[in-house]
Structures are given as structure tokens and as C-alpha cells.
Amino acid sequence: MLPATSNLESTELLEMYPTLSSHVLSEESNLIDDLDPKPEDDRKLMRKLGASFFLFGLINNVLYVIILSAALDLVPPSTPKGIIAFCNIAPALVAKVGWPYVLKGRIRYVKRIFGCCILSSLGMLVVALFDSLFARLIGIGLASFSSGLGELTFLQLSTTYAPPSVAGHGLGYFASGTGAAGLAGAFLWWEVRGLGVRVGVGLSSVLPFIIPATYFFLLPSCSAFLYTSLPPSGYESPNGQGSILPYTPLAATEELGEEEGSFRAGPRKNVSLTFNDKVRLVRPLLTRYMLPLFFVYLFEYTINQGVAPTLLYPVPSPDRYWLLSKIVHTIRDYYPLWQLIYQTTVFISRSSISIGIPPLPPNLLPLPSVLQGFILLLLAFESSIGFYADDAEGLSIITVFALISLEGICGGLAYVNAFYRINQEHPDPSSAHNMERAKQEKEFKIGSIGFADSSGILFASLLAVPTELALCKAQTRRGKMLCKEL
């Protein structure tokens, strides 16, 4: 071993032994290379993160869509189909209200994910194996509860990643996955419905197992992003005035080795939010996020369940409407067409963050719900009175196509932007010194607003039936009897 020397002596020694100089510089260079993250590695991590959260959103929501798509096959003809919609949303609402507000302490993500997987699979098996209406409603309720808890869990999981740009990336892809579930679920049921309920729904019971497989084998750990070349963007203030609290990565020694999150910051013992803490945190979120989400989904699902079934027109003639006649063969084909348009535009708009479109400014978050209200009024007017003469069905169909496309865009934008904005909010200054508490507050805040959209859907299911009946009566009064021919 070489004896200790001064800086000058070290320099002279390296000049005397060029081989030693080359070796030392090489070792130093290798050490720097090890510490310096490579951009291609960061891109690979981000792709894996995006793919994981996309699959979480897709698989978690696809069973909900399969059940709605299979509603006609799941219950006897004399049973109102609204009971399927109710059992498919009410248990999810219970999960979204109960878990964030009632439970305390740290989130056990692995336990939750396995619990959701088992409940979803069990629910679909009950629907497949039992023919009684009561048993099938129980199975639908289990799958719905699991879907609601799963959505809540993955939204909260996205907040455990840092820096904020990484957390936003994961959330954007999760929202995109939930949008894709609408198209994928309808397509899957269309393909397997010929096998019957027992086989078709039974096959779908294996889908939930994709989620734990993704969590363990594809999802990057939170610690993988502690030292990256990604820009350490700051947190945004709620009023959208940019970064007011810089992100500072923690040392690797503060990394958690389990599923619970990315940091062990400050004392972990007895850290939990009280009910008063939660009330304090949720109060400013009510008008900022919850009311816009509630109203956009109230209007949206009133359109889907109450207005869209009455948007009926004569079957288009091949001579006048060649392309449309290839799609619509009977008046029953209009409603699936409107739903296809809606689901496609929801997927596109929910993918806006993941494809690089900037999020809405915070002061514009209520805009989609306001537009959705106008769309509801316009479509109700078209259904009851009509914008054009009865023989101008081509213009009417084009108008409805445009309005339903805008409906899907508004709904998707409201969802992804509300959750993205709350995901990017800065921690409360009063808890900034205690990272475990700050982490729990962030998880609670994004979970606490989840019941707003489900509440809107539930109330819409109650409004949809009288709305559909009233619009059909208005059509018959002006001599349009198509809604009576279904």
C-alpha cells in the first residue's frame, strides 16, 4: 500500500507512475458513470411505469364494463336493467367513501391488491356459476366493490412516486387505462357472448390476476427514481401559480423496502391522520375538485342512460347515406353507436396527459362540467323537439355525433385533470417536516375525492328512468313513435 502523501506529492507520484495514474482515473470515471443515470435507462423506467399503471387502469375497470355490456344477458327480460347499473356502482361508492375516511395509518398496497384481485375474480365466478338473480347481483356487488377499492388504491399508489413528474406520468397512464377499459370491455364481451354467460363471464374471472403480476414483475420500485436525470420539477400550488415548493430527493438510506411507499421520513411510530385532520384536508377540495367531478358525471350518465336511448332515427337509406347504412341496420343499432362514440372519445381525452397535452389550468377545472350541462340540454332538446325537420335525419345524426363526442371529451378531461392536479399539489407546510405524515396526507387527498364521480353516476341512474320516459312521451306527442318500437 502506498503511504499517505500530500496533494503535491500525490501529483508527482502520478506523474512518475503513469500506469497508476491511468488506473486511478479509470476507477474514478467508473464511479461517476455508476452514479450518473443514463437517459436511456430513465426512458425505460418511465415506459415500464406507464405500462404498469395503464394495465392497472385497464384491468381494474374492464370488469365494470363487461358487466354493463352483459346486462341484457344477466337478468330476466322482465327485470329492469337499471338494477344492474345500481349494483355495479353502489358498492364501489361504499369502498371509495369508507376506505379513505374510516381507515387510519399506512396503506398496505400488497394486501389491498391481492384482496381486490380475489374479490373481483370471486364476484365474476359467482355471476358465472349461479343462475339466480340474487346470486348474480351479489357477484356483481363484489366485483364493483373491488373495482372501487382498486381505483382508489392505484390513484394513491401514484402519489408514492417522486419527483412529481414521475407521479404525474403514472397517473396519466392510469387514467388512459381506465379510458381504454370502456372499449376493451365492450369488445371482449362482444367476442365471448356467443359462449354464453357461464363460459364468457367465467373466462373474464382470470383477468384480475394480471394486476398482481404487473405489480410484482413490471412496475418499477419507487427507489428506482430517486437518482435519475429526470427534471426535479417542483410541486404546483393549488391556484396554478407554478412551483412553490421544490422537490428534494431523499438519501437512499431512507428508502422503504416494502410496498408501502417511497420514503421513511421522520418517526413512523403512531403516525396516522385523525378524523379532524381529514376534515381539514378535504374542506378546500370540495369546490376545487369534488363538485366539478360530481356534476360532470351526473350530466354525463344522465345523457348515457336517460337521453341516448331516445336518440332514434329512421334506418338510413343506402342511396342517401351509404356509409351510415353500413353501420345502422335497425333502430336498435343507434344506442350502441352512441356508446361506441362516447367510449372512444373518453379514451382519447383520458389519455391527454399521457400523450403530452398540457393539463387544464386549475381555474378551468369546472369548465367540462359546465359544458356537459349544456350538452345535456341540447341533446334533450334534440330528442324531444328536434333541431331539424323529421326528414333531415342525416343532419340530426351528424349533430348528435358531434355532441356525444364532446360529451366524452368533457368527461375524460374532467377525470384526468382533477386527479392530475391533486397528484401534483405541494405538501401541507405544517407537515413538511414529517415525510410519513405528508405521504399519508397526499394519499388521503387523492383518495378522498374519488367518491365524487361515483356519486354523480349513482344519482344519474336515479334520474335516467324518468328522463327517458319523459322524452319518449314528448316524441310520441309530435308523432315520432320510434321509442315505442324498441
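A nonpolar core is a set of buried Ala, Val, Leu, Ile, Met, Phe, Trp, Tyr and Cys residues joined through side-chain atoms within 4.5 Å, where buried stands for under 20% relative accessible area, exposed for over 50% and partly exposed for what lies in between, with a 1.4 Å probe and protein chains only. The model is predicted, so local features need pLDDT of at least 70 and side-chain atom pairs count only at pLDDT 80 or more, while totals for chains, interfaces and linings use all residues. Residues are numbered from 1 along each chain as its sequence is written, and side-chain values use heavy atoms, leaving out hydrogens and water.

Q: Which residues touch the most other members of the largest nonpolar core?
A: Among its 110 residues, these are Phe56, Leu74, Tyr161, Trp338 and Leu379. Helix 3 (residues 39-69) gives the most to this core, with 13 residues, a helix being a DSSP run of H or I with at least four residues, numbered from the N terminus.

Q: Why is proline 362 called buried?
A: Its relative accessible area is 18%, and the term applies under 20%; therefore proline 362 counts as buried.

Q: What makes the lining of the second largest cavity count as six nonpolar and three polar residues?
A: Ile59, Asn60, Leu63, Cys116, Cys117, Ser120, Ser146, Pro208 and Ile211 line this cavity. Ala, Val, Leu, Ile, Met, Phe, Trp, Tyr, Cys and Pro count as nonpolar, Asp, Glu, Lys and Arg as charged, and the others, Gly among them, as polar. The lining thus has six nonpolar, three polar and no charged residues.

How values were computed: Helices (H or I, at least four residues) and strands (E, at least two) are DSSP runs, numbered from the N terminus. On a 1 Å grid over the protein atoms alone, a cavity is a set of points where a 1.4 Å probe fits but cannot get out, and a pocket is an open set with protein on both sides within 12 Å along at least five of seven lines; lining residues have an atom within 4 Å of a point.
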